[in-house]
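Here are my notes on the model you sent.

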Amino acid sequence: MSPFTGSAARTSDWRHVRCVHDNGVVTVTLARPGKINALTFGAYADLRDLLAELSRERSVRALVLGGEGRGFCSGGDVDEIIGATLSMDTAGLLDFNRMTGQVVRAMRECPFPVVAAVHGVAAGAGAVLALAADFRVADPTARFQFLFTRVGLSGGDMGAAYLLPRVVGLGHATRLLMLGEPVRAAEAERIGLISELTEEGGADAAAEALARRLADGPALAYAQTKALLTAELDMPLAASVELDAATQALLMNSEDYAEFHAAFSEKRAPKWRGR
């Protein structure tokens, strides 16, 4: 995403999520613990706009997405979203559904890795937010559930029918999206839905540690790797190999590539600059 901005100033206060910056690592917390962090229209919009702002800031190297209280995210708020959508016309419903998809696109297209720290329930839209992350760090209490068919909607919401088969395979994705059954941590790890399984209560700390490791690493290399993973999902091999070649040629002109050689020659750790 382009780093150039227009007239709008950086947002200083996000009302629907909590955002903390710490030396390259941004921690975004869904903070409605009384409702297991159920999402509202405002929360979706804040996530969409926050990710766009952070993507323009070269200082951001990694992001952790977590939930306060006893769960990660229970999905869309039944009263504030599901109840409200019953009175919307088609144009309003399309605007809403496009906004939720824009959050997922922003997570996949932002130039830094996103780590989801999952404990307790990750249901409906909450499950898709975790799915859209680059890494899912979870503890044994984690429970994923793609609930959309349970409320009479398509299981392919917010890009789930695109992303989930690519993470766990078509067979598992069909079962999870059609039946809406819960997937507990042990099974989620077995089918590849979880990147790292921690001890109980350890997901947040492990996610922060992973984010710090990523933030201290070669940011430009990570950004291009993420971009290629997303872009090449739908490419034939010949196009993928050509895109890889062009990307590597560009990165071989980077300061980080030269820095690795200098550090290797001087027998020291590289000082990654992300450029």
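1. A residue counts as buried under 20% relative accessible area, exposed over 50%, and partly exposed in between, using a 1.4 Å probe and protein chains only. Cys19, with a relative accessible area of 22%, is therefore partly exposed. Cys110 is buried, at 2% relative accessibility.

2. The model is predicted: local features need pLDDT of at least 70, side-chain atom pairs count only at pLDDT 80 or more, and totals for chains, interfaces and linings use all residues. Residues are numbered from 1 along each chain as its sequence is written, and side-chain values use heavy atoms, with hydrogens and water left out.

3. How many disulfides does a search of the whole structure find? It finds zero, where a disulfide is a pair of cysteine sulfur atoms within 2.5 Å. For Cys19, the closest cysteine sulfur is that of Cys110, 13 Å away, which is too far for a bond.

4. Strands E5, E7 and E8 form an open sheet, in the order E5-E7-E8, with mixed pairing. Strands (E, at least two residues) and helices (H or I, at least four) are DSSP runs numbered from the N terminus; two strands pair if DSSP finds at least two bridges between them. E5 (121-123) and E8 (183-184) are at the edges with a single partner strand each, so one side of each has no neighbour in the sheet.

5. E5 and E7 (residues 143-145) run parallel and are joined by three bridges. Val121 lies opposite Arg143 in E7. Helix H4 (residues 125-132) packs on the sheet and touches E5 and E7, contact meaning heavy atoms within 4.5 Å.

Definitions and conventions. Axes are lines fitted to C-alpha atoms, for helices over the stretch in contact, and angles run from 0 to 180 degrees between N-to-C directions.
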